[in-house]
Amino acid sequence: MSQTALFGLFLVVLTGTPGNIAVGSIQETTLSKFTRSGYGPERLGPSYLENSLTRCASKCRSKYSSQCQTIMFNWETGLCTPGSFLRSDTLGASLAPTSTEGDLFAPSACDRSNGFQYVTSGSSSACFLVPTSKMKYSDARNHCLKLGAHLFVARSMEKVNLLPHGTYLLGLTDIAQENVFVWEDNGEAISANFRNLLFRLSEPNNSNNEDCVSISTGLSSHVANDISCRHSNIRFVCERPVIPL
Ligand SMILES: [Ca+2]
Ligand SMILES: [Ca+2]
């Protein structure tokens, strides 16, 4: 079977209802083999042996539902390792898989289950859901994790402005180290330039120990403020990774 056909099969697996996986109709070019740089896949559970990439993906999806966002498949040994892009303490993720565990595959399209949408503008795009509820940071984070997502991450104003008009909790905190703000999706610190562009003047000020960040959409700069992570009267956005082809 060609790799393209395999990609198509994997899309069906990834977008199908868990437990009711169809592998009949095929849409192509929706899954990409990619290198590890820039993404932080984490093991969802123990590896298992399968005789095809399709079966590897199918089992991952049926066992882990939308948490299954990547698979590693070793074509020679049939070793299949289920993975997620998320860095989560709550999902049992442990060691990052190594390259000896095979090639890494992930969808290049937005997984629209649970009402997620794909929005693109200029060179920016994102796959996200804007829940109607308001929650404090830890609850919002867990809410997103259960959907196979992380709190919205935006490394450009263009991406901030993909969101509908409003004020939202961002996937950016300085919980681990005061005044070092890191992104939710990969734990990397925000760049100095973007930090200056993103935050309002005189923010972040850590007033009464503020370690979370809110953003307001619709402006070209200076839209962020550090707020208390216990602040519960704020909306948030869950984002699923989209891997470019
Ligand atoms: Ca702080
Ligand atoms: Ca503040």
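Asn179 is exposed, because 9 other C-beta atoms lie within 10 Å of its own; a residue counts as exposed at 12 or fewer such atoms, buried at 20 or more, and partly exposed in between, with C-beta atoms placed from the backbone. Phi of Asn179 is near 70 degrees, a positive value in a residue other than glycine. Asn179 is found in the loop between β10 and β11 (182–183).

This is a predicted model, in which local features need pLDDT of at least 70 and side-chain atom pairs count only at pLDDT 80 or more, while totals for chains, interfaces and linings use all residues. Residues are numbered from 1 along each chain as its sequence is written, and chains are lettered from A and ligands numbered from 1 in the order in which they are written.

**Overview and confidence**

- The protein has five helices and 15 strands; helices (H or I, at least four residues) and strands (E, at least two) are DSSP runs, numbered from the N terminus.
- Of the 245 residues in the protein, 38% are buried.
- Among contacts between residues at least 6 apart in sequence, 63% join residues at least 24 apart; two residues are in contact if their C-beta atoms, placed from the backbone, lie within 7 Å.
- The average pLDDT is 77, and 73% of the residues score at least 70; pLDDT is the predictor's confidence in each residue, from 0 to 100.
- Residues 35–39 have a pLDDT below 50, and this stretch has two contacts in the model beyond near neighbours in sequence.
- Residues 87–96 also have a pLDDT below 50, and this stretch has 23 contacts beyond near neighbours in sequence.

**The four-stranded sheet**

- Four strands form an open sheet in the order β7-β8-β15-β9, with antiparallel pairing; two strands pair if DSSP finds at least two bridges between them.
- β7 (117–121) and β9 (150–151) stand at the edges with a single partner strand each, so one side of each is left without a neighbour in the sheet.
- Five bridges join β7 to β8 (residues 124–129) in the antiparallel sense.
- Val119 has Ala126 in β8 as its bridge partner.
- In general, strands of a sheet pair through backbone hydrogen bonds, either parallel or antiparallel.

- β4 (residues 70–73) and β5 (residues 79–84) run antiparallel and are joined by four bridges.
- Thr70 stands opposite Gly83 in β5.
- The hairpin has five residues between its two strands, and Gly78 in the turn has a positive phi of about 80 degrees.
- Both faces of β4 are covered: Thr70 and Met72 are buried on one side, and Ile71 and Phe73 on the other.

**Nonpolar cores**

- The largest nonpolar core has 37 residues, and Leu151 and Leu170 have the most contacts inside it; such a core is a set of buried Ala, Val, Leu, Ile, Met, Phe, Trp, Tyr and Cys residues joined through C-beta atoms within 7 Å.
- At least two residues of this core come from each of β8, α3 (137–146), β10 (167–173), β12 (212–216) and β13 (224–227).
- Leaving aside neighbours within four places in sequence, Leu170 is in contact with residues including Leu151, Phe152, Val213 and Ile215.
- A second, separate core has 12 residues, among them Leu53, Cys60, Phe73 and Phe105.
- In soluble globular proteins, nonpolar side chains tend to be buried together.

- Tyr137, Ala140, Arg141, Cys144 and Leu145 are the buried residues of α3.
- They lie on the same side of α3, because they cover an arc of only 135 degrees around the axis; the arc is that of the directions from the helix axis to the C-beta atoms.
- An α-helix has 3.6 residues a turn, so residues three or four places apart point the same way.
- The buried residues of α3 pack against β9, β10, β12, β14 (235–236) and β15 (238–240).
- Gly148 follows α3 and has a positive phi, near 70 degrees.
- Arg55 lies in α2 (residues 53–64) and counts as partly exposed, with 18 C-beta neighbours inside 10 Å.
- Arg55 and Cys80 are 25 residues apart in sequence, and their C-alpha atoms are 9.1 Å apart in space.

**The loop between α5 and β12**

- Asn208 is in the loop between α5 and β12, and its phi is near 55 degrees, a positive value in a residue other than glycine.
- Asn208 counts as exposed because it has 8 C-beta neighbours inside 10 Å.
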